[in-house]
Amino acid sequence: MFADLVTVIWKEWKELLLSRGGLRGGLISAVVIPLGMLGVYLPWQNGADWVSTPLLAAGWSWLPLLIILGLVADSFAGERERKTLETLLASRLSDRTILFGKMAALVGYGWGLTLGSLLLGTLTVNLTHRGPQWLLPGAHTVAVIVVFGLLTSLLAAAGGLLVSLRASSVRQAAQINSLALLALILGAVSAGKLMPAQWKASLVPAFTGPNLLRTELAIAAALLALDAALVAAAMARFQRARLILD
Amino acid sequence: MSQPVIRTEALTRDFGSLRAVDSLSIEVRPGTIFGFLGPNGSGKTTTIRMLLGLLEPSAGRAEVLGCDTRTHSDEIRLRSGALLEHHGLYERFSAWDNLEFYGRIWRLPRRSRRERIEELLRRLGLWERRRESVGRWSRGMKQKLAVARALLHRPAVLFLDEPTAGLDPVAAAALREDLAALARQEGVTVFLTTHNLAEAEKLCQAVAVISAGRLLAVGHPDELRARAGLRAEISGRNIRPSVLEALSARAEVSAAQIRDGRLSLELRPGAELAPLVSLLVAAGAEIEEVRRASLEDVFLTLIEEEQRCSPISSR
């Protein structure tokens with residue numbers, strides 16, 4: 001199954017790059033520009049603070065969600081629109097290989113770009129703001145970005161694939177994904193604004209001191225459960241007959 | 001006698017109240033090109049989808065290469081190739097990358113994969129354009145590439161769903177030639193759906209005719225012609241009505257009439273045309289063309305009979 005997964009990932013990445021005007025154009029727009037923005041421009045502008053701010057962990061953990069949701073609509077809905085899905089389904093690849101191959105390609109891209117930009121950002125900060133010592137993000141920050149980056153990548157990939165499996169067109173899938181992202185952002189902002197001050201105060205201890213790790217583990221567990229539920233739903237929805245007749 | 005590569009028994013598929021395939025029972029012998037003929041919407045694509053295990057039958061069963069389509073569809077897809085309703089090529093990919101992807105899917109080792117891709121692209125005249133995105137290609141070239149993709153892993157059985165549909169006559173003829181040559185060289189059994197009767201007549205050793213999901217006839221094209229009753233049309237000059245009486249008196253002629261200056265004969269099974277042509281010539285006719293009933297005539301007769309027998313179709 002591993003070789004088959006690699007084959008599907010190879011195809012997905014190649015399609016991603018070729019969808020932006022050839023391999024060179026694809027590499028520039030899908031890899032070089034995002035890395036340039038996230039791994040060079042932002043760290044260079046923020047200087048040494050970029051490495052030490054707690055916003056780095058918070059921001060970079062959710063970055064894959066934005067990256068993947070911009071792409072995932074095309075996965076199944078795009079194959080259906082371009083009439084390549086039925087031939088793929090008529091091949092020897094198993095249902096799970098196709099589904100997990102597409103998922104792995106998205107997670108690999110989103111998570112890879114996040115970790116790559118973290119690494120490049122650290123390098124940029126150290127090259128542009130030279131000090132006596134290397135400035136490195138804390139181990140906790142890196143661990144949060146690695147773990148939450150993976151979990152949010154899975155969340156976006158599994159949720160987006162489920163939407164793409166059910167959508168009748170790429171446009172419809174993209175609209176649903178955008179609305180979901182908008183609801184998530186508005187929900188978070190509204191909750192922050194509407195939450196009574198008393199509640200906010202009671203939450204502060206959960207995000208400080210020794211309780212922080214416990215809170216992070218609880219959020220990670222909740223995300224993992226949500227990821228598992230979405231993956232299970234996508235697996236249940238992935239039925240060759242339904243995909244062909246939709 | 002060798003086991004059939006494809007065998008269906010009362011294969012049926014319903015979509016709600018619509019019966020797309022109705023109690024279909026056929027057998028396809030190894031190494032043959034089997035034509036599955038029917039008008040649009042007659043259930044040809046649904047049948048292919050069931051044979052590939054992509055759709056489950058509502059009733060009945062089907063076996064491909066000895067594997068039940070319900071329980072061993074993975075095994076069937078492993079050993080078969082398919083060119084479905086749409087060519088299914090990745091249009092942003094080059095021809096090489098399309099084949100490379102499917103070569104990897106079929107787990108062809110790197111070296112033999114490259115050799116096989118080169119062999120097929122050269123054989124189909126696509127080698128020089130292997131690096132181009134196939135999105136820029138003509139439909140005929142895309143269909144050829146899709147045939148190459150279907151044959152890449154040397155399948156035992158090949159499903160082709162209207163491979164020449166939408167092609168101009170030149171491209172269609174070229175693809176037909178390639179298909180026939182490749183099927184012969186590769187020794188593959190081909191299940192070909194088409195509504196192009198001339199194509200079926202040229203390519204197929206056996207044909208089945210379906211309409212509204214029901215099997216109307218199956219056999220060698222010549223057998224079907226004989227079963228439907230032989231018809232012939234003779235055109236020329238000086239074919240006078242007086243000759244009809246002499247023709248009708250012959251044992252091998254069941255009916256004779258002149259329509260639009262052409263003599264139309266309905267013949268009994270086993271009838272030979274040469275003595276009848278001699279009779280006409282002796283009566284002073286100058287014969288320009290003698291045309292026996294084609295598979296198309298048989299097909300149209302079968303469809304007409306089917307519609308007469310069941311004017312209110314279940315579909």
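Here is a short walk through this structure, from the model as a whole to the place where two of its chains touch.

What you see is a predicted model, in which local features need pLDDT of at least 70, side-chain atom pairs count only at pLDDT 80 or more, and totals for chains, interfaces and linings use all residues. Residues are numbered from 1 along each chain as its sequence is written, while chains are lettered from A and ligands numbered from 1 in the order in which they are written.

How confident is the predictor? The complex receives an ipTM of 0.89 and a pTM of 0.85.

Let us turn to chain A. It holds 12 helices and zero strands; here helices (H or I, at least four residues) and strands (E, at least two) are DSSP runs, numbered from the N terminus. Along the principal axes, the C-alpha atoms of chain A fill a box of roughly 60 × 45 × 30 Å.

Now look inside. Of the 246 residues of chain A, 39% are buried, meaning that 20 or more other C-beta atoms, placed from the backbone, lie within 10 Å of the residue's own. The largest nonpolar core has 144 residues, and A:Ala157, A:Ala158 and B:Phe191 have the most contacts inside it. Such a core is a set of buried Ala, Val, Leu, Ile, Met, Phe, Trp, Tyr and Cys residues joined through C-beta atoms within 7 Å.

In chain A, helix H8 (residues 139-166) gives the most to this core, with 14 residues. H8(A) is mostly covered, with 21 of its 28 residues buried. Leaving aside neighbours within four places in sequence, A:Ala157 is in contact with A:Ile68, A:Val72, A:Met103, A:Leu106 and A:Val107; contact means that the C-beta atoms of two residues, placed from the backbone, lie within 7 Å.

Finally, where do the chains meet? Contacts link 21 residues of chain A with 23 residues of chain B. On the chain A side, helices H1 (2-18), H6 (85-89) and H12 (240-245) each supply at least two residues. H1(A) gives the most to that side, with six residues.

Technical notes: Buried ≥ 20, exposed ≤ 12 C-beta atoms within 10 Å, placed from the backbone.
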